[in-house]
Amino acid sequence: MTSPRATDEVVDLVSRLIRFDTSNTGDLETTRGEEDCAKWVAQLLEEVGYVTEYVESGQPGRGNVFARLAGPPDSDRGALLVHVHLDVVPAAAEDWSVDPFSGAIRDGYIWGRGAVDMKDMAGMVLALARQFKRDGVVPPREIVFAFLADEEAGGTWGSHWLVRHRPDLFDGITEAVGEVGGFSLTVDRPDGEVRRLYLVETAEKGLAWMRLTAEGRAGHGSFLHDHNAVTEVASAVARIGAHTFPLVMTESVAEFLTALSEETGLEFNPDTPDLETALFKIGNLARIIGATLRDTANPTMLSAGYKANVIPQRAEAVIDCRVLPGRQAEFEATIDELIGPNVKREWITHLDAVETTFDGHLVDAMNDAILAHDPQGRTVPYMLSGGTDAKAFAKLGIRCFGFAPLRLPPELDFAALFHGIDERVPVDAVLFGTDVLEHFLLHS
């Protein structure tokens with residue numbers, strides 16, 4: 001009897017993963033579901049013969065699962081880490097047209113929280129890991145499968161904890177693939193042909209959440225006050241919110257824009273007038289690409305006072321900062337100038353930017369896998385404006401890429417689905433991605 005293929009069960013696995021409510025609120029008291037989901041994944045891996053290791057990363061219930069598939073015994077190549085996260089951002093059911101944790105399959109899509117971020121990839125990896133073990137596959141190098149907790153809150157109780165406290169889990173690993181990359185962007189060529197660019201993540205902006213604090217003199221709201229903490233913080237926030245950081249062309253972004261120009265015949269380069277606006281010619285993905293052209297600092301929270309007629313002694317604000325590779329020192333100098341001497345700043349979360357080059361055997365294997373299943377495809381590098389668990393693994397010297405392949409309908413606003421209402425992924429895209437990922441892993 002022929003053993004089941006990964007594509008036979010992947011859609012069901014993605015749906016079942018979504019049914020685990022692994023909402024990560026960022027609060028240890030209210031985050032749930034990671035343990036149950038991780039243990040279910042471990043069970044399915046053990047069912048086909050894997051020896052798994054279940055690890056709780058510093059807090060009860062923060063479940064992580066690791067399994068290794070051995071490569072050739074005489075191989076001198078480092079292992080490949082294939083990592084996914086099992087947690088998702090919360091969802092308000094009343095805003096959705098389906099139960100966000102139903103994993104419903106309808107209209108050619110798998111619906112639910114995590115469908116694209118990133119239980120689709122988790123399902124693909126799980127299905128392929130099971131297929132490889134059933135078939136007795138020996139990949140060209142050892143593969144380490146990792147199903148992780150807490151990515152949606154920065155990985156403090158997931159990847160970063162594991163790197164600090166269990167570095168042995170990553171012994172021998174030299175390269176890694178995870179989210180967010182491998183998805184298609186359809187563009188029209190000048191000759192009338194259609195080309196699908198598959199964006200491979202080679203870089204991520206730094207993620208830094210900053211708290212601003214001002215101290216003043218408390219007093220009655222009817223008096224004159226020359227040291228008002230609310231005014232100090234509000235003025236600093238206004239200056240930051242109005243500031244535009246300079247356009248900086250990093251290697252990953254420059255390579256992406258060059259490829260985009262080659263395929264479309266349009267000009268996308270640092271000299272293009274109002275480059276951010278010009279990018280909207282490529283559709284909704286322009287929001288992601290545009291955010292990688294410069295540093296950003298967006299005020300997100302304000303806190304001060306407890307009564308209408310009391311001047312508070314303290315006022316605070318939180319700024320969501322995203323910093324390009326190599327720009328940290330210049331970024332901080334600009335922020336210090338904007339906030340002035342009377343406002344203090346501190347990092348709540350600070351994760352460095354990461355970037356690698358778009359070359360080497362692994363990149364060739366990605367391109368070959370795409371072309372094997374989509375002759376109109378082309379892999380191109382790009383930078384993610386957000387962050388992933390790659391930030392933790394890069395600290396170990398692991399070369400990280402985002403490659404979760406999906407061939408998407410041109411009309412689908414893929415960027416809006418991340419953390420969005422009615423998150424969903426096309427069934428055909430998942431089946432395509434499973435085939436591509438299989439080819440890639442067998443030739444990586």
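The second largest pocket holds about 370 Å³ of space. A pocket here is an open set of points on a 1 Å grid over the protein atoms alone, with protein on both sides within 12 Å along at least five of seven lines; lining residues have an atom within 4 Å of a point. Grid points are joined across faces, edges and corners, and a volume is the space filled by probe spheres set on the points. Of the 21 residues that line the second largest pocket, Leu185, Thr186, Ile282, Gly283 and Pro410 are the closest to its centre. The largest share, six residues, comes from β8. Helices (H or I, at least four residues) and strands (E, at least two) are DSSP runs, numbered from the N terminus.

This is a predicted model, in which local features need pLDDT of at least 70 and side-chain atom pairs count only at pLDDT 80 or more, while totals for chains, interfaces and linings use all residues. Residues are numbered from 1 along each chain as its sequence is written, and side-chain values use heavy atoms, with hydrogens and water left out.

By class, the lining of the second largest pocket divides into 12 nonpolar, five polar and four charged residues. Nonpolar covers Ala, Val, Leu, Ile, Met, Phe, Trp, Tyr, Cys and Pro; charged covers Asp, Glu, Lys and Arg; the others, Gly among them, are polar. Domain 1 (6-186 + 354-442) and domain 2 (206-351) both give residues to this lining, so the second largest pocket lies between them. The domain bounds come from an automatic or database domain assignment. The C-alpha centres of the two domains lie 30 Å apart. Their contact (heavy atoms within 4.5 Å) takes 22 residues from domain 1 and 23 residues from domain 2.

Now turn to the largest pocket. Its space is about 680 Å³. The lining has 32 residues, and the closest to the centre are Arg322, Ser385, Gly386, Gly387 and His419. At least two lining residues come from each of β10 (206-215), α8 (286-290), β12 (296-304), β14 (314-323) and α12 (414-417). The lining has 11 nonpolar, 11 polar and 10 charged residues. Domain 1 and domain 2 both contribute to it, so the largest pocket also lies between them.

A cavity is a set of grid points where a 1.4 Å probe fits but cannot get out. The whole structure has one cavity of 30 Å³ or more. About 90 Å³ of space lies in the largest cavity. Its lining includes Met118, Val180, Phe183 and Phe414. By class, that lining has nine nonpolar, one polar and two charged residues.

The bond from Asp117 to Met118 is cis, with omega near -10°. Met118 sits in the loop between β5 and α3 (119-135). The bond from Glu179 to Val180 is also cis, with omega near -15°. Val180 lies in the loop between β7 (173-178) and β8.

Last, a sheet. Three strands form an open antiparallel sheet in the order β4-β5-β19. β4 (105-106) and β19 (424-426) stand at the edges with a single partner strand each, so one side of each has no neighbour in the sheet. Strands pair if DSSP finds at least two bridges between them. β4 and β5 (109-111) pair over two bridges, and Ile105 stands opposite Ile110 in β5. The loop between β4 and β5 holds Asp107, whose phi is near 55°, a positive value in a residue other than glycine.
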